[in-house]
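Visitor: Could you walk me through some side-chain interactions here? I'd like to go pair by pair.

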Amino acid sequence: MSSYVRRKTPGDTEWFVHDRFGMFIHWGLYALPARHEWVKNREMIPDEKYDLYFKHFDPDMFDAKEWARRAKEAGMKYAVLTTKHHEGFCMFDTAYTDYKVTNTPAGRDLVREYVDAFRAEGLKVGFYYSLLDWHHPDFTIDSRHPLRNAPNIEELDRGKDMHRYAEYMRNQVRELLTNYGKIDIIWFDFSYPEKGKDAWESEKLIELVRSLQPHIIVDNRTGIEQDIWTPEQYQPTHWLTHPETGEYLTWEACQTFSGSWGYYRDETSWKSPEQLIKMLITNVSLGGNLLMNVGPTSRGYFDDRAVAALNEYGKWMKYNNRSIYGCTMAEPDLLPTVPKSCRYTQSEDGKRLYIHIFDYPFRFLEISGLAGKVEYAQFLHDGSEIKFTEGKVDHFSQGRTEDETMVVFDLPVVKPNVIVPVIEVFLK
Ligand code: GLC
């Protein structure tokens with residue numbers, strides 16, 4: 001068994017740390033302008049103008065089953081969909097606002113279709129729910145609001161009541177956690193200096209969540225610690241630990257293919273397949289998960305750049321998922337042996353070590369400190385034996401490496417056709 005003990009979480013995170021890889025989906029009205037999900041804020045678009053997107057939201061090509069199939073084929077085990085983003089638009093049929101999908105040309109509850117389809121594929125189902133709301137009549141204007149530069153903020157804010165807004169959120173969360181069966185994750189977003197757990201009334205909100213679905217995983221962005229910590233758009237370099245107790249945390253980094261979360265037509269900073277695969281491996285090698293985002297088009301499909309990226313995951317995961325599912329950071333005694341060119345993961349039962357070769361060497365992978373531990377080694381993708389020697393290696397003509405603790409893996413000269421090859425080591 002892995003010797004790493006995680007800080008206790010109120011919800012059920014056992015499946016989560018096994019599954020490791022999920023799909024984030026940012027979908028809403030911002031898919032129409034197609035220039036970032038914060039477009040209303042960035043361009044300070046007033047409601048009247050933003051309403052055009054509401055009027056024209058018509059995802060005629062949306063097929064939840066296809067999304068679910070693509071997620072599964074990519075090796076993802078769970079998903080988190082935006083039920084409401086900061087723009088305030090609801091992708092589900094709610095009784096508490098008219099600003100919802102059923103009143104657009106879409107005319108149906110898209111959250112329901114998502115839930116049904118993903119569940120049918122055996123994937124766990126999560127909801128993202130924005131704490132910010134740039135449409136709700138009680139949400140006060142702050143520095144992150146589209147109307148932050150309005151000359152008459154005081155007047156615009158007159159009569160607003162954030163308590164009423166907090167109650168609105170609870171009402172909607174009750175709908176989301178009552179009308180769609182078992183939900184595995186609720187992902188609230190986010191707190192900032194002007195508005196945090198007091199404004200959101202996070203205690204009450206979480207109490208409600210737990211009373212409806214006690215097992216559910218809740219993120220920490222309400223301002224109250226719950227189950228998961230969510231580093232965003234950067235690569236953690238160590239297993240996240242609790243700032244006070246130092247305990248290992250349950251964490252999930254969220255990342256984008258191209259920089260924005262919502263569909264962004266003209267964005268060109270798409271990550272390479274290699275970067276994408278390495279991100280997943282690196283997270284697991286540090287005891288974390290990866291939630292990788294897709295921003296579907298307003299017509300409801302994943303565009304070909306997103307499909308290509310998902311396919312890269314699929315190709316790699318098909319043959320290498322054993323080094324991801326049920327794996328975590330390598331045991332402390334193995335960590336000092338990780339070569340710079342590699343990342344380790346280890347199976348929960350401790351029996352298998354996975355060496356991910358980030359920088360493929362010529363013929364020999366030499367790892368100091370592994371001698372005596374290896375029973376058998378093979379490439380993970382094709383189960384072909386990797387021969388190895390221990391203690392020393394005699395290279396032709398005076399290239400002798402002498403290190404009693406060293407294992408030298410004998411690799412083919414030509415790198416196998418796998419973005420990141422993995423050596424599966426059966427430990428003694
Ligand atoms: C941010 C952004 C947001 C995105 C989220 C995902 O906080 O506000 O647009 O949904 O991160 O983690």
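Visitor: What does arginine 363 form a salt bridge with?

Guide: Arginine 363 forms a salt bridge with aspartate 410, and the closest N and O atoms are 3.5 Å apart; a salt bridge here is a side-chain nitrogen of Lys or Arg within 4 Å of a carboxyl oxygen of Asp or Glu. The pair links distant parts of the chain, with arginine 363 in the loop between E10 and strand E11 (364-368) and aspartate 410 in strand E14 (residues 399-410), 47 residues apart. Helices (H or I, at least four residues) and strands (E, at least two) are DSSP runs, numbered from the N terminus.

Visitor: What kind of model is this, and how are residues numbered?

Guide: This is a predicted model, in which local features need pLDDT of at least 70 and side-chain atom pairs count only at pLDDT 80 or more, while totals for chains, interfaces and linings use all residues. Residues are numbered from 1 along each chain as its sequence is written, and side-chain values use heavy atoms, with hydrogens and water left out.

Visitor: Back to that pair: how accessible is arginine 363, and how accessible is aspartate 410?

Guide: Arginine 363 is partly exposed at 31% relative accessibility, and aspartate 410 is partly exposed with a relative accessible area of 31%. Buried means under 20% relative accessible area, exposed over 50%, and partly exposed in between, with a 1.4 Å probe and protein chains only.

Visitor: How many salt bridges are there in the whole structure?

Guide: A search of the whole structure finds 29 salt bridges. One of them joins arginine 352 to glutamate 424, with the closest N and O atoms 3.1 Å apart. Arginine 352 lies in strand E10 (residues 352-357) and glutamate 424 in strand E15 (residues 422-427), so this pair ties together parts that are 72 residues apart in sequence.

Visitor: Is glutamate 424 buried or exposed?

Guide: Glutamate 424 is buried, with a relative accessible area of 0%, whereas arginine 352 is partly exposed at 28%.

Visitor: And what about aspartate 184, which partner does that one have?

Guide: Aspartate 184 forms a salt bridge with lysine 182, the closest N and O atoms being 3.9 Å apart. Aspartate 184 counts as buried at 8% relative accessibility, while lysine 182 is partly exposed with a relative accessible area of 48%.

Visitor: Switching to rings, how many aromatic pairs are there?

Guide: The structure holds 34 aromatic pairs, where rings of Phe, Tyr and Trp (its six-membered ring) pair if their centres lie within 6.5 Å, and planes under 30 degrees apart count as stacked, over 60 as edge-to-face and the rest as tilted. Among them, phenylalanine 89 and tyrosine 99 form an edge-to-face pair, 5.6 Å centre to centre with 80° between the planes. Both phenylalanine 89 and tyrosine 99 are buried.

Visitor: Which residues do ring pairs link into a cluster?

Guide: The cluster linked by ring pairs consists of Trp27, Phe54, Phe57, Phe62, Trp67, Phe89, Tyr99 and Phe302.

Visitor: Which ring does the charged end of lysine 77 sit over?

Guide: The charged end of lysine 77 sits over the ring of tyrosine 325, 4.5 Å from its centre, and that of lysine 195 sits over the ring of phenylalanine 139, 4.4 Å from its centre. A charge sits over a ring if NZ of Lys or CZ of Arg is within 6 Å of the ring centre and within 35 degrees of the ring normal.
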